[in-house]
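User: I would like to go through the surface patches and the backbone of this model. Could we start once it is on screen?

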Amino acid sequence: MSGSHGAKVKARKEDGFVRVRKRDLEKLTTEVMQLREFLPRVLNGNLIEMLRKARVAHTHTMKEHLVQDNEQLRQECLYLQSRLDAAQTECQKEREEKLLLREQLWQNRLELQQQADFCSGLGSAACSLLWSSSAREHTITHWLADGKLQSFLTVAAQTLESFIRSLDEEVKTETEYHNSQEHQFVLALAGTITNIAAVTCGRDFLSSSAHVLLDTLMTLLELMKPGVFPRLKVLMLMALYNVSISIKGLKYISENPGLLPLIKALLNDGDWEVCLHSLRLLQSVLLEEEVLLLLGSSLLDPDIQACVSRLTSAVQPSLSLAAQQTLEDLQALQQVLESQER
């Protein structure tokens, strides 16, 4: 084999074969044999030792990590336990406070109920005295001169409205609460208002300075279902009727669009006294020419005429007589309106 520029091995690929110098081949063979002899001993000893050390180091590292993780978990558990203990302590404290507050609440409710009962009793007694004293004309005159009547009427309207709007109509009936302090209280208020309206100076004052009260009375009468608290309804209707004696008062009441629907509903109330005083209020409307011009044909509502006609057959003489008179007034109005149309 020829040399080539001092190279140890010269190889040339010819037809899939490689040329190698014999000396180089022998040297390569010797090296391979040496590697075969020494490599297993080197690998077996060093590799095993290296693997052992690596395993020991890994195990040591894992233990350190586990110790750190356990310590961290232990600290977290201690922290959570401390929070749990604090929360349980706070919960127990709040529970004790809640029980104390509940006991105080019941005590306050009892005291408030006692105070409410006392106030109802006092209000009932005071208003009963007012109702009795308001039957004298000079008392109403004195009240007007004193200038405190307006504030009384405002409170009275609010009290009546509060009482009626709070009714559970399926449970609270006048029969069940006839002797209750609250019922006597509102009856006395309504009776006092009725007595004020029965006096000329009183009805004039109501007609000019108590429009809110008059509107409230009509609204509350509309809210009360048939058969509920007829005595209270009668007193409120009497108050409106007394006010209607004043021309100014009658005109104001008649301007309320709910007047005729209210009268129609009350004529079907079922209590004969409520029907009677509803008829009286309707008669007051029919007897004033200015109001007739204001309401016109709406007074000839067939439903109203049917209700009045039905009441002419009532058992109570005063009710049937009032119904007959009212029916005649309606018929006379109808004739007047028909003649005007011609």
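**Surface patches and backbone**

Analyst: V32 is partly exposed, since its relative accessible area is 36%; buried means under 20%, exposed over 50%, and partly exposed in between (1.4 Å probe, protein chains only). This is a predicted model, in which local features need pLDDT of at least 70, side-chain atom pairs count only at pLDDT 80 or more, and totals for chains, interfaces and linings use all residues. Residues are numbered from 1 along each chain as its sequence is written, and side-chain values use heavy atoms, with hydrogens and water left out.

User: Where is V32 placed?

Analyst: V32 lies in helix α1; helices are DSSP runs (H or I, at least four residues), numbered from the N terminus.

User: Which residues make the nonpolar surface patch?

Analyst: V18, V20, L25, L28 and V32 make this patch of about 410 Å². Helix α1 gives the most to it, with 3 residues.

User: And which residues form the negative patch?

Analyst: The negative surface patch consists of E90, E94, E96 and E97. E94 belongs to helix α1, which covers residues 22-133.

User: Is E94 buried or partly exposed?

Analyst: E94 counts as partly exposed because its relative accessibility is 46%.

User: Turning to the backbone, what is the phi of F229?

Analyst: F229 has a positive phi of about 50 degrees, although it is not a glycine. Most residues other than glycine have a negative phi.

User: Where is F229, and is F229 buried or exposed?

Analyst: F229 sits in the loop between α6 (211-223) and α7 (230-244). F229 counts as buried because its relative accessibility is 1%.

How values were computed
Patches are made of residues with over 30% relative accessible area and no salt bridge: like charges are joined within 9 Å, nonpolar side chains (Val, Leu, Ile, Met, Phe, Trp, Tyr) within 5 Å. Accessible areas come from the Shrake-Rupley method with a 1.4 Å probe; for residues, only the protein chains shown count as cover. A salt bridge is a side-chain nitrogen of Lys or Arg within 4 Å of a carboxyl oxygen of Asp or Glu. Lys and Arg count as positive and Asp and Glu as negative; His and the chain ends are not counted. The place of a charge is taken as NZ of Lys, CZ of Arg, CG of Asp or CD of Glu. Helices (H or I, at least four residues) and strands (E, at least two) are DSSP runs, numbered from the N terminus.
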